[in-house]
Structure formats: structure tokens, C-alpha cells
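Dear colleague,

Please find the structure below, handed over for your files. My notes on what was found in it follow directly after.

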Amino acid sequence: MSDRKQSSDGTEESSEQMIEQPDAGLEPEAASAQSDEQKTPAADEAKPTDEAPAPEPTIEELQATAQEYLEGWQRARAEFSNYKRRVDRELLEAYQRAAGDILTRYLGVLDDLERALKDRPQEGETAAWAEGIEMIYRKMKSILEAEGVEPIQAAGERFDPNFHEAISHEDDNDSPSGHVIEVVQPGYRLGDRVLRPAMVRVAK
């Protein structure tokens with residue numbers, strides 16, 4: 001038989017209804033949070049605390065890496081060497097072009113001195129004058145040679161349009177066909193560059 005209690009408004013309540021439920025006054029979200037907090041330690045205990053260490057590289061792997069680095073260094077060195085040679089070649093060509101443009105202007109003066117000395121007098125007052133002209137000619141020629149200017153070989157050579165300029169083709173029994181008979185004006189070169197081709201007469 002259950003105990004009953006008279007309420008203030010006259011209604012009766014059983015003693016069982018007066019017993020408070022432990023979670024009756026909690027909101028659903030609070031109850032869920034409380035449940036999660038109770039589960040959290042168990043979940044943390046299930047996780048591993050330390051990760052497995054990475055495996056050490058083998059000798060073969062280290063050798064392969066070292067070989068790769070060596071090959072990369074060798075390629076870089078070869079590329080730099082090729083670059084340096086290319087730059088040196090371009091600088092030399094630029095110098096030859098600039099120097100050639102200047103030196104070509106003096107070739108005409110050299111021609112005039114050579115013509116003046118062709119029939120130089122051997123005696124008298126003019127002989128001393130001719131000797132002074134020859135000294136100037138030799139000095140100018142040595143300056144051009146010091147700059148790398150070289151005469152183009154033409155006399156008796158086979159005609160080469162890269163170095164020779166034919167002003168005439170003539171019959172000549174003493175020279176083979178296609179060979180230079182006479183050099184009318186000497187030609188000059190600076191390295192691989194032709195400053196002025198030799199003007200020649202060629203045998204038919």
C-alpha cells in the first residue's frame with residue numbers, strides 16, 4: 001500500500017512521484033554532453049601515444065642519392081664550361097668586328113706607301129727621303145700585325161672567291177687554269193674575318 005500526501009491544493013500525490021529522477025531536470029543537450037565527457041577518457045586511451053619511427057635509408061638508397069647529386073653537379077659544370085666558351089667566342093668576334101672596322105681604314109694608307117716605295121730612288125737626296133717613307137711603312141705594318149692582321153696568300157694560289165676577287169680572267173701558259181697570275185692589290189684578314197679580299201688576275 002503506497003503512502004499518499006495531501007498537497008496544498010488538496011490533491012494527493014504518491015510518495016513514488018515525489019522521488020526525483022537524477023536526469024529529469026537536465027536538458028537533452030546537457031545530458032548528451034555529459035555522456036560524451038564520460039566517453040572521452042576511454043577514446044583517448046584507445047589512441048596510440050607514439051607514432052612508429054621512419055625506417056632508416058639503406059646503403060643502396062644513399063648511394064643512389066649520392067650518384068644523383070654527382071651527376072647533377074657534373075651537368076652543371078659542363079653547362080657552365082660551354083657557356084664560358086660561348087661567351088669568350090662572342091667577345092672575340094665582337095672585338096674582331098670592332099677592330100676590323102678601324103683597321104680597314106688604314107689599309108688604303110698602307111697601299112699608298114707600298115706604291116711610293118715600288119720605284120724608290122737609290123741615290124741622291126731623294127734616296128734619304130725614300131728611306132724615311134719606308135720606316136713609316138714598316139712601322140704601320142708592324143702595328144697591323146700586332147693587332148692580328150695578316151696578308152691573304154694569293155700569288156700562285158688557286159682562286160678562292162672567299163679570299164680573292166678576280167678583276168680579269170686571262171690566258172696564261174705559265175699558270176694552271178683557275179690559278180692566280182698576279183696580285184693587283186693585296187688582301188688582308190683578321191682571324192677568320194676577311195678585311196679586304198685580294199684583287200687578282202686569274203688564268204683561264
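**Findings**

Glutamate 131 is found in helix α3. With a relative accessible area of 48%, glutamate 131 counts as partly exposed, because that class lies between the buried limit of 20% and the exposed limit of 50%. Proline 121 stands 10 residues from glutamate 131 along the chain, and the C-alpha atoms of the two are separated by 9.4 Å. Please bear in mind throughout that this is a predicted model.

The helix that holds glutamate 131 also takes part in a helix pair. Helix α3 covers residues 125–146 and packs with helix α2, residues 59–118, at an angle of about 150°, the axes being 10 Å apart. Angles over 145 degrees count as roughly antiparallel, and α2 and α3 are therefore roughly antiparallel to each other. Their crossing is left-handed. On the α2 side, the contact is made by Leu103, Tyr106, Leu107, Val109, Leu110, Leu113, Glu114 and Leu117. On the α3 side, it is made by Ala130, Ile133, Glu134, Ile136, Tyr137, Met140, Lys141 and Leu144. Sorted by class, the contact of α2 with α3 has 13 nonpolar residues, three charged residues and no polar ones.

Apart from neighbours within four places in sequence, methionine 199 is in contact with Glu165, Ile167, Glu182, Val183, Val184 and Gln185. Serine 168 lies 31 residues from methionine 199 in sequence, with a C-alpha to C-alpha separation of 9.5 Å.

As for the chain as a whole, its secondary structure comes to three helices and eight strands. Read from the N terminus, the order of the elements is β-β-α-α-α-β-β-β-β-β-β. The chain has 204 residues, of which 17% are buried. Its accessible surface comes to about 16,400 Å², and carbon and sulfur atoms account for 51% of that area. Of the contacts between residues at least 6 apart in sequence, 57% join residues at least 24 apart.

With kind regards

Conventions: Residues numbered from 1 in each chain as written. Predicted model: local features only at pLDDT ≥ 70, side-chain atom pairs only at ≥ 80, totals over all residues. Heavy atoms only, no water. Helix = DSSP H or I, 4+ residues; strand = E, 2+ residues; numbered from the N terminus. Buried < 20%, exposed > 50% of the residue type's maximum accessible area, 1.4 Å probe, protein only. Contact = heavy atoms within 4.5 Å. Areas by Shrake-Rupley, 256 points an atom, 1.4 Å probe, with all protein chains shown as cover. Axes fitted to C-alpha atoms, helices over the stretch in contact; angles between N-to-C directions. Parallel < 35°, antiparallel > 145°, perpendicular 65-115°, else oblique. Left-handed = near helix turned anticlockwise from the far one by under 90°. Nonpolar A, V, L, I, M, F, W, Y, C, P; charged D, E, K, R; others polar.
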